[in-house]
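Here is a short briefing for a first look at this structure. Please keep the sequence and the 3D view open while you read.

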Amino acid sequence: MSQQTVSQSEEKSSWVSGLAALIVVAALVLYYTLIDQSLWVRLGVLFGGIAAAVLIVAISPDGRRFIAYSKDSWYEVKKVVWPTRKETTQMTLVVFGFVLIMSLFLWIADKLIEWLVFSAFLGWK
């Protein structure tokens, strides 16, 4: 019984998404076919069609789940403790210092390996 309900919900969801996509396509077609009308009429048709499609998707089960997910995500973002300007500057300087030290280490290691291979083993000068 529950699988039948899930499949009906998926069919309804895909049908609603298809209707919304069809409305957006119709709004785009009307925008370009109403070339003789003023820009405001054309933009009204375009944005009205997009708004209708968004509204249709928002009232669908997938749309409600997405809205709930977005609200939960925003709530989690509000709980984040962001670093202060001083902490950000200090960590940036630490990263730059580490990159400088690591680049010097890798340069020295590269020159040492180059010297070992070409001078010591191969005898090139």
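Why does R65 count as exposed? Its relative accessibility is 53%, and exposed means over 50% relative accessible area, buried under 20%, and partly exposed in between (1.4 Å probe, protein chains only). This is a predicted model, in which local features need pLDDT of at least 70, side-chain atom pairs count only at pLDDT 80 or more, and totals for chains, interfaces and linings use all residues. Residues are numbered from 1 along each chain as its sequence is written, and side-chain values use heavy atoms, with hydrogens and water left out.

**Overall fold**
- The protein chain has four helices and zero strands. Helices (H or I, at least four residues) and strands (E, at least two) are DSSP runs, numbered from the N terminus.
- Along the sequence the pattern reads α-α-α-α.
- Of the chain's 125 residues, 9% count as buried.

- The 20 residues of α2 should span 28 Å at 1.5 Å a residue, and the end C-alpha atoms agree, being 28 Å apart. The expected span is 1.5 Å times one less than the number of residues.
- The buried residues of α2 are R42, L46, G49 and A53. They cover an arc of only 65 degrees around the axis, so they sit on the same side of α2. That arc is taken from the directions from the helix axis to the C-beta atoms.
- The face turned away from this buried side carries the exposed residues W40, F47, V54 and L55.

**R42, a buried arginine**
- R42 lies in helix α2 (residues 39-58).
- R42 is buried yet has no salt bridge. A salt bridge needs a side-chain nitrogen of Lys or Arg within 4 Å of a carboxyl oxygen of Asp or Glu.
- The nearest side chain of opposite charge to R42 is D36, 8.7 Å away. Lys and Arg count as positive, Asp and Glu as negative; His and the chain ends are not counted.
- The R42 side chain reaches the backbone oxygen of Y31 at 3.0 Å.

**Salt bridges**
- The whole structure holds three salt bridges.
- R65 pairs with D62, their closest N and O atoms 2.1 Å apart. Both lie in helix α3 (residues 61-79), three residues apart. D62 is partly exposed at 31%.
- K79 pairs with E76 at 3.4 Å, also within α3.
- K111 and E114 meet at 3.3 Å, N to O. Both lie in helix α4 (residues 85-121), about one turn apart.

Methods. A polar contact is a pair of N or O atoms within 3.5 Å; within protein, one must be able to donate a hydrogen and the other to accept it, and residues adjacent in sequence count only if both atoms are side-chain atoms.
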